[in-house]
Amino acid sequence: MQAVPLNVSPDSVEEIVRRAGYHLRYSLGKQRENAGRCDILSALTLAVRPLLIDGMFETEERYRRAKAKRVYYLSAEFLIGQSLRNNLHNLGVYEAARAAAAEFGQDVEDLADAENDAALGNGGLGRLAACFLESLATHSMPAYGYGINYEFGLFRQEIEDGHQKERPDHWAAHESPWHIERRDEMCMVPLYGRIVDGRDRSGNYNPMWLDWQLILGVPYDVPVVGYGGRTVNTLRLFSARSSDEFNMRIFNSGDYVRAVEMKIYSETISKVLYPADEVPKGRELRLIQEYFLVACALRDILQRFRKEGHAPEQLPDKVALQMNDTHPALAVAALMRHLVDEWDLRWENAWEITQGVCAFTNHTLLPEALEKWPVRLMEHVLPRHLQIIYEINHRFLQGVRRRHAGDDDLARRMSLVEETPEKSIRMAHLAIVGSHSVNGVAALHSELVRTRLVPDFAAYWPDRFQNKTNGVTHRRWLAYANPGLAKLITNVAGDGWLTDFSRVREVERFAGDAGFQEDFRRVKRGNKERLAHLIGDLIGIATDPESLFGGLAKRIHQYKRQLLKVMYVIHQYLRIVEDGYEPPVPRSFILAGKAAPGYHLAKLIILLIHRVGETIRADARASRWLRVAFLPDYRVSLAEKMIPGVDLSEQISTAGMEASGTGNMKFAMNGALTIGTLDGANVEIRQEVGAENIFIFGLTAEQVAAAREKPDPWRFYDSSEAARRVMDAIAGDRFNRREPGVFRPIWSSILEQGDFYCHLNDLDAYVAEQRAVEEEFLRPAVWTRKAILNVARMGKFSSDRTVAEYARDIWRIAPVKQ
């Protein structure tokens, strides 16, 4: 079949129909009259794929001709979601594809919704990586993503009688047409083995890594098209394969099971996102998984670099390597191994090159999320890399001691090796020492990284630390997820906002315009009706679009404080049924998120949400005022439907604990007002939209730190009627007569274990701020004006702005345009 030029015009319906028909018959083996929706989806995807592949080739050739420096973004997660809708829009062929789909008796939106979410990530970390790749392509930045081609996602969440149940998320059961296998470019990854000390001809130490076991990394390329279709970058994902299908000697001896053991174990490496690490084998697999990503990526990057004929010392001028959190931190040691062992560079030169290439983004303030690997495990799996880490640490601490002579405690704190009874390697320290740049992802987060998380490093290298506030791609999260609002924006601001989100500020001029407000409310009402319909279809709960829709959607964790939300709902319920209170407006509380399988308290919070919702629905006094809906299996495609329909965005984490948050940005740019704490990017959202257009409550990060020094939850229990009633209701069996005492651990975590996440400290302030929300919602013109201003003032929070700052300040790369 002949390829169509990349800039396919909207009237090329016939060509897309022809291609789709061809693939339906000859690629899928289906006759048109017998084809179902999934068949048409596959055929349409295959019809569009040549445009992406042609674009990939043209883009790569453009970068090669320009001799461009490239950024390589290493991330354990890329939460892509569905691709068809985004690709059609960015290629500029959405309307042509809509017409083509109609020729097959299908609606293109139904086809897009039938696509499986690519479950290559878990939450904000992976979604941010996906947003970055789209923004980089839109602005023609020479960029590549590197990740793992997980066969199974984290898990598919099902709710059975209020309890979370984890099911396998076999998202790749059907081969994805977006994935292009490159078996001829596979990488070899050595593991295990032993080190034999030796000397080279000059008498220098020359260790030999022997008896290693070989794993193969098979690359699969995923095209990432930017808006307008001019640039198509590549996300390269690796699948693990055994170097031999099976051991023939063992097979011939008759032990058929053992013969394939190696093949099965090798391929487990890319089988599932984040294998459970509570047991030794799980920890080993997770370490291997992280090294597999790094080893494959570096082998690929360095092969490309050498193929282009560059000298080793040019590496920092041609390659920028960004480590997205600590999962790829082994890149520091792995790159040193390549330079010293394989390229035969002197240590000092290799280290200067490594620091010039590597940069590190921190995403968490939680100490338990800062990875550490036992020395014993690393010595077993990666003996040569452990040697290199020890040498990095030795030389680094020599410098520390020279500058701070006699301060052994400082050296102990900064060491890459934690000298506990079971020694471990601090991966965040390795990433910091091996990078020329370390950044946080929101202004407050970056400040806390410097002052609380790693203050010794920030004092030692003050110029190495900086902030890069997160952003999201407004094309996916506003233009494509909320076409009604996008049309309103374009009508008053033109379409330039699609590539320059600062232009959305033009909408501010219409914030007080009665006609524009009416159109804005009409769009929001339509989105709420669609969301109410979705809730009914998914979980059978009726919600009234006239009610105030509040949304809280994120990973279930105590610091994210879904429990505080439930406490407020319980408070309102008790006021209604015990005090005869009538709220000023009916409320619909819409929640979603997954709890880690081993996180018992988080799973109890999900159960509490369901039991409270059931109790309210069964009580006629409360059910006309309150509704609780928990949407199972939260994922990108579900978020795209939920976010546009929400009136109030709940961003209520304990201050000082959320790195940034990106859900707050998505809700706000879709016209939701925010109620939240001064945490993460909420601080900057408040600065941008204005303090009068956001609802802020609760302790600041400094006040949280002070409260934790002298925790006293009983003081709030005794002094606050709301706290006392809510805690008594949780401790009793009011919300779960079927399982008496089941919620006692929640009660204990608050009142007996010090309320580390400050729920009771903030409860009264949260209740008061919710009253202010309801009062404002009763004034439609005022509420709508504030919602419009939130949309208009969100220009800062596009990932286009974020990657431009990375490119300028960290990567030193420039666009390479047609």
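Predicted model: local features only at pLDDT ≥ 70, side-chain atom pairs only at ≥ 80, totals over all residues.
Local features here need pLDDT of at least 70 and side-chain atom pairs count only at pLDDT 80 or more, while totals for chains, interfaces and linings use all residues. Residues are numbered from 1 along each chain as its sequence is written, and side-chain values use heavy atoms, with hydrogens and water left out.

**View 1. R19 pairs up with E15 in a salt bridge.** That term covers a side-chain nitrogen of Lys or Arg within 4 Å of a carboxyl oxygen of Asp or Glu; here the N to O distance is 3.5 Å. The two residues sit four apart in helix 1 (residues 13–27), so about one helical turn separates them. Helices (H or I, at least four residues) are DSSP runs, numbered from the N terminus. R19 is buried at 3% relative accessible area, whereas E15 is partly exposed at 23%. Buried means under 20%, exposed over 50%, and partly exposed in between (1.4 Å probe, protein chains only).

**View 2. R98 meets E95 in helix 4 (residues 94–103).** Their salt bridge spans 3.6 Å, N to O. Being three residues apart puts about one helical turn between them. Both ends are partly exposed: R98 at 31% and E95 at 49%.

**View 3. Shared partners build a network.** Salt bridges link R182, E185, D221, R236, D300 and R304 together. The whole structure holds 76 salt bridges.
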